[in-house]
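Visitor: I'd like to learn how to read aromatic rings and helices in a structure. Can you walk me through one?

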Amino acid sequence: MTISNQEKNRFVVIPSYGRRRSHGISESQKDALLNLSNEYGITLPTKILNPSVFFTSVSKIFVEIGFGAGEHLIQNAIKNPEIGFIGCEPFENGVAKALKAIHDNNLKNVKIFNGDARFLLDFFENSSIDRFYILFPDPWTKKRHHKRRLLSKEFTTKTLYSKLKSCGELIIATDCENYMEEIAEIINNASEFSAKISELEQLQIRPEWFIPTRYEQKAISHGKKPYYLKVERK
C-alpha cells in the first residue's frame, strides 16, 4: 500500500499510547495473527470507501473501538448476524483472541482492524456508520494524562459525528467518574448530539440492551459502578 506524503503528515499528528502487546504472546495467538488476519482482518485502505464493502450483505454497520479481547464484539455479532461489525484494537493479544473466536464461531459479519481506530476512520465515508461502541476506554486517570483520552471534544464532535449516519448512535461505558463528567460536558455543549445529561447517577443504571463485558465485571468486583451512555446524532 502506498500512502502519500500528505496522508503521512496527517497520520503522524495522531498520538497513540500504550503497549501493542503483552510481554508474552502464545503460539496459538501468533498462529491466529498469521493465518486468520487475511480472512478476517482489515488493512488501511488506499482510498475513501463505504465500510459496507467489507461484507457480502449487511443491513447496518457497527464499529467497536478498543474491543479488548473481543467478548462484547463476538457476542454482539452472534446475536445480530444481519449487522456488519468492525472491531478496532491496537493490542495484538486481544486481536488474536478475537480472530480465533470469529473463526471458531464461523462468523461472516465481523472484520478486525489491528491498530488505532482513528487511522481507519479517516478512510470511511461520512455518514456511513450506524453505531459506535466505545466501552471502558483507558481513563488515563492522572490529570497530566487526560490529554491522552480518546474521547476528546475534537474526536467526539467531529470524527465520530461525521462518520455516523443521521440518528446513528454513540454508546459509551466507563467506570471512571471524572472521565464520564468530561464526556457529559462535551455532549451537553455539543449541538451535534440529541441527548443532554443532567444527573450522572442516571447513567449508572445498566440498560437492558447492554451486553456485559469483562471490564464491566472487573469494575463491579472492585466496588465501582459503571456509567452507560447512549446518544444519537441529530
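Predicted model: local features only at pLDDT ≥ 70, side-chain atom pairs only at ≥ 80, totals over all residues.

Visitor: How is a pair of aromatic rings described?

Guide: You give the distance of the centres and the angle of the planes. Searching the whole structure here turns up six aromatic pairs. Take Phe54 and Phe124: their centres are 6.3 Å apart with 55 degrees between the planes, a tilted pair.

Visitor: Where do Phe54 and Phe124 lie?

Guide: Phe54 is in the loop between helix H3 and strand S1, and Phe124 is in the loop between helix H6 and strand S4, so the pair ties together parts 70 residues apart in sequence. Phe54 is partly exposed at 21% relative accessibility, while Phe124 is buried at 1%.

Visitor: And what kind of pair do Phe62 and Phe85 form?

Guide: That one is edge-to-face, because the planes sit at 90 degrees, with the centres 5.5 Å apart. Phe62 belongs to strand S1 and Phe85 to strand S2. Together with Tyr133, Phe62 and Phe85 make up one aromatic cluster.

Visitor: Now the helix. How far apart are the end C-alpha atoms of H8?

Guide: They're 16 Å apart, which agrees with the span you'd expect for 12 residues at 1.5 Å a residue.

Visitor: Which residues of H8 are buried?

Guide: Tyr179, Met180, Ile183, Ala184, Ile186 and Ile187 are. They cover an arc of only 160 degrees around the axis, so they're on the same side of H8. Among the elements covering them are helix H7, strand S5 and strand S6.

Definitions and conventions
Residues numbered from 1 in each chain as written. Heavy atoms only, no water. Helix = DSSP H or I, 4+ residues; strand = E, 2+ residues; numbered from the N terminus. Expected span 1.5 Å × (residues − 1). Buried < 20%, exposed > 50% of the residue type's maximum accessible area, 1.4 Å probe, protein only. Arc of directions from axis to C-beta. Contact = heavy atoms within 4.5 Å. Phe/Tyr/Trp six-rings, centres within 6.5 Å; stacked < 30°, edge-to-face > 60°.
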